[in-house]
Amino acid sequence: MNISPSKIISLLFFIFSGFYLYTAHQIQVFTFDENAAFNAKTFPIYLGYAGLLFSALYIILPETKPSNVDLSVLDYKKTISLVILMILYGLTILRVGYFLSTSIFLVLSYIILGERKWTWIFILSFPFVAIFMYLLHGLLNIYLRDPFLQYIGIMG
Amino acid sequence: MIEGILIGLETALSLKNLMMVMIGCFAGTIIGMLPGLGPMTAIALMIPITYGFEPSTGLILMAGVYYGAVFGGSTSSILINAPGIPRTVATSFDGYPMAQQGKAGKALAIAAYSSFAGGTIAAIFLLIAAPSLSKVSLAFRSPDYFGLMILGLTAVSAFSAKGHFLKAMMMVVLGLMLASVGQDTLSDIPRFTFQNMNLSDGISFVLVVMATFAMSEALTIIFKANDPTRVAKQISLSQLGSIKLDKIETKKMITTIPRSSVLGFIIGVLPGAGSTIASFLAYGMERNFVNDEEKQKFGKGSVNGLAAPETANNAACSGSFVPLLTLGIPGSGTTAVMLGALLGFGIQPGPRLYQTNPEIFWSVIMSMYIGMVILLILNLPLIPYIARVLATPRTFLIPLILFFSVTGIYLMSFNNFDIYLMIGIAVFATILRLYDFPMPPLILAFVLGGLMEENLRRSLLISDGSWSFLWDRPLTIVIMFIIFTIVGWQIYKGFFRKN
């Protein structure tokens, strides 16, 4: 028996709603508020039940319009590589600084996606980020943390 | 009202704000033109920048981006038959055949003039309707607002899901759940924070919009191995032909524009219906109005067939601002993003906005009109040059979208946690999109979550915990009746009706 991915997602949402409902019941409210008509956990409790209801309906009722996705054509390699690269970008942006981490992120993502025009790869990374930083930091006065540029004395 | 219009004009015509409309229209056209990226992504990418400005300036920039993106979407529909967003699908029916006949310039001009005329007529309607509705909406109470919010969410789910109503409703609940993270507004009790300080202020609206639209759209293009710019590489984007219209074409447009504007505006005001439905209805209506000879041309490059959806589309965009400005309840995903931005500025749209912040109320309305003028006189002649954006390789396009998304969040929080959270939500959103779980209902619910809880709180406290507030007032009964009709119809359509 084949279970459609949409039903699996709905089942996961059902479990998530159950967990949400359980957590909603655990919310600590003030003693004087416990029997009030409305307190901090009232709305989340209703939401938990609504989540259970809609996901259960989707699981039980027949699918009249199933979503057909050909999994064989999906590009897992590039997508996962980009996601990992974004996580690394998030990890380095504060420590290394905005300029270097952003430029390297852009260079690597162009390469991951198959770009090999090196002149454009360069133009749309280091100089592009420098101009963008100048616009934000220099003209619009938006603070950008960059320990690297501060270390080499370019940024104050 | 005249005084208000003058205040609005004064604000919108200041040099700074005029510049913002121009920048917004230009940036919106470029982003909206890229297949797959619609007005919501365009506005989402602009939000972090707007927070550096005054509320009216920020909103004017966003209004410019909105109209620019709508115009840009029509351009890609006409030139490469790639309507990245549903609202420009009807434009491609006759716009693309015209472009294939070597009349791309003409098709773009018809689209631009129709959009301008539709937007102008709708702006006049908005000018008249918004203040009157603001006064009427002062009579609305918490139960009515609560009902209206459910109505908005249900209607958006019904219209945006295209046969996936339950999936859309799950997205509504998920949006409300995400909105419930953080401290309770009244008691400051932490909810769903799991003792993580980064969650105590809740999840940022910009983060959710960026993750579910800009970032997830970029990831979806890569995941599905789509190359939206492939078609653009096969045609000449610099030689689009003349943009001048002859007398017959102008005459045809003159008859089409008024009726499509009225239809578009009315549809736009209705919660959830929006410009997609307006454009399809206008196309269908126009086909019934024209003579048999013209009817044969529909789908093969008809002037009426192109002018009607474009007019209705823009008129609906203006119409969708009516519930946002007068009731504080957005009727579409795009206006939900606008509401989120307004709340970010500390402005609560609604009937009192007209009285408390008249300069914002009127400047937004006036800047819409100025935006349309700018689109017509600046963007139309520049289209052969702007259209080259369509040929930007996705290998450059996608990393730049991801870069702007991460930068947007980084500038707002300087926090790694928010970047990781955004990546996580974007990955989930990409998977959900793949299986037709729509994102606009999630955004609308996320934006409305706090307001909905507040109005439910007031209603339940007034009625001493009883749900009778849902049928105590005639207005609430009417709203609830409409909600049940929509839900009932969707369930009947989805599960019981054959074909």
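Guide: The centres of domain 1 of chain A and domain 2 of chain A, taken over C-alpha atoms, are separated by 40 Å. Domain 1 covers 5-64 and domain 2 covers 77-151 of chain A, with bounds that come from an automatic or database domain assignment. This is a predicted model, in which local features need pLDDT of at least 70 and side-chain atom pairs count only at pLDDT 80 or more, while totals for chains, interfaces and linings use all residues. Residues are numbered from 1 along each chain as its sequence is written, and chains are lettered from A and ligands numbered from 1 in the order in which they are written.

Visitor: Why are α3(A) and α4(A) called roughly antiparallel?

Guide: Their axes come within 10 Å and cross at roughly 175 degrees. Axes are lines fitted to C-alpha atoms, for helices over the stretch in contact, and angles run from 0 to 180 degrees between N-to-C directions. Angles under 35 degrees count as roughly parallel, over 145 as roughly antiparallel, 65 to 115 as roughly perpendicular and the rest as oblique, and α3(A) and α4(A) are therefore roughly antiparallel to each other. Helices here are DSSP runs (H or I, at least four residues), as strands are (E, at least two), numbered from the N terminus.

Visitor: How many residues of chain A are in contact with chain B?

Guide: There are 57 such residues in chain A, facing 51 residues of chain B, where contact means that C-beta atoms, placed from the backbone, lie within 7 Å. Helices α1 (5-26), α2 (42-60), α3 (76-92) and α4 (98-112) of chain A each supply at least two residues of the side that touches chain B.

Visitor: What makes B:Gln195 count as exposed, and B:Phe192 as partly exposed?

Guide: A residue is buried if 20 or more other C-beta atoms lie within 10 Å of its own, exposed if 12 or fewer, and partly exposed in between. B:Gln195 has 7 C-beta neighbours inside 10 Å and so counts as exposed, while B:Phe192, with 19 other C-beta atoms within 10 Å, is partly exposed. B:Phe192 has a positive phi of about 55 degrees although it is not a glycine.

Note on methods
Contact = placed C-beta atoms within 7 Å.
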